[in-house]
Amino acid sequence: MSHNWPSVLSRFAEGVQHLVWPPRCLTCDAPTAADHFCADCVTGLTTDHPHRCAFCAGTVGPHADATAPCFRCPKAKYAFGSAVRFGLYADAVRRAVLQMKQPEGELLAFRLGELWATHRRDELLAMHPQVIVPVPLHRRRRWQRGYNQAEELARGLARTLQLPLAAHALRRQRATDLQANQSATARWDNVKDVFAVRSAAGVRGLRVLLVDDVLTTGATCHYAARALSQAGAAQVHAAVVAHR
Ligand SMILES: [Zn+2]
Ligand SMILES: [Zn+2]
């Protein structure tokens, strides 16, 4: 289990900021009397398309077979059993995902994790997770950014769902190229076998909720889930803020 330093500091900064009236929304900066997010942003962040693929969390049509992978899912199965998302990579959710990687995005990621867990509690607990594990950044990128947005999301989820967080269960063994402009095939090659489990004892026999910000091809979550399964995790399910 990890210490809480980055969030303690940024929550302290938030507390100081809230002494200045009025408090402001973390995503749109509008003055708001609500906690952390204004009413419009809460609506935007928590309203999702009703039909999603249970395997990759992609949007599907209303008549899609809910028990089968969708047309976007790879032919070979994912190493995670199912995937849930907070929303589609568009509008308020997309803005929040981009802001999480900016300076001061650490607190936004943490609060977004709390909001997600508050609004989708049943969906997130449906797979009965016993521990929450974030997808790690490579140590060099983490050092550059100062935090890992997936870890802060996971921290917010863990606190609200009252589940243990294993923030450093996984390690990214090499720096990978930024994936934004890569083809699907290149994305799979880029993250192949990039993850390793630090301590199998922390995940062995447990149902793991694997947390990341965005799922595009599912390659990152697949290889992270595969490493966890190979270390003895009983099940791995993926939870992402946005499906692209
Ligand atoms: Zn707002
Ligand atoms: Zn799918």
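Does tyrosine 78 count as buried or exposed, and at what relative accessibility? At 10% relative accessibility, tyrosine 78 counts as buried, because the cut-off for buried is under 20%. The model described here is predicted.

**Aromatic rings**

A pair of aromatic rings is described by the distance of the centres and the angle of the planes. A search of the whole structure turns up four aromatic pairs. Two of them are set out in this table.

| Pair | Centre to centre | Angle between planes | Type |
|---|---|---|---|
| Tyrosine 78 and phenylalanine 80 | 4.4 Å | 15° | stacked |
| Tryptophan 188 and tyrosine 223 | 5.9 Å | 70° | edge-to-face |

Phenylalanine 80 is buried, with a relative accessible area of 4%. Tyrosine 223 also counts as buried, at 10% relative accessibility.

Tyr78, Phe80, Trp188 and Tyr223 together form one aromatic cluster.

**The sheet**

Now to the strands. Four of them make an open sheet, in the order S1-S6-S5-S2. Their pairing is parallel. Strand S1 (83-88) and strand S2 (131-134) are the edge strands, and each pairs on one side only. On average, neighbouring strands of this sheet are turned by 20° against each other, direction ignored.

Strand S2 runs parallel to strand S5 (residues 207-215), and four bridges join the two. Within this part of the sheet, isoleucine 132 stands opposite leucine 209 in S5.

Helix H3 (residues 91-100) lies across S1, S5 and strand S6 (235-243). H3 runs at about 105° to S6.

**Two crossing helices**

Two packed helices are described by the angle between their axes and the distance between the axes. For helix H2 (residues 39-46) and helix H4 (residues 105-119), the axes come within 11 Å and cross at roughly 65°. H2 and H4 are therefore roughly perpendicular to each other. Their crossing is right-handed.

Which residues make the contact? From H2 come Val42, Leu45 and Thr46. From H4 come Leu112, Leu115 and His119.

Notes:
Residues numbered from 1 in each chain as written. Chains lettered and ligands numbered in written order. Predicted model: local features only at pLDDT ≥ 70, side-chain atom pairs only at ≥ 80, totals over all residues. Heavy atoms only, no water. Pairing = 2+ DSSP bridges. Axes fitted to C-alpha atoms, helices over the stretch in contact; angles between N-to-C directions. Contact = heavy atoms within 4.5 Å. Phe/Tyr/Trp six-rings, centres within 6.5 Å; stacked < 30°, edge-to-face > 60°. Buried < 20%, exposed > 50% of the residue type's maximum accessible area, 1.4 Å probe, protein only. Parallel < 35°, antiparallel > 145°, perpendicular 65-115°, else oblique. Left-handed = near helix turned anticlockwise from the far one by under 90°.
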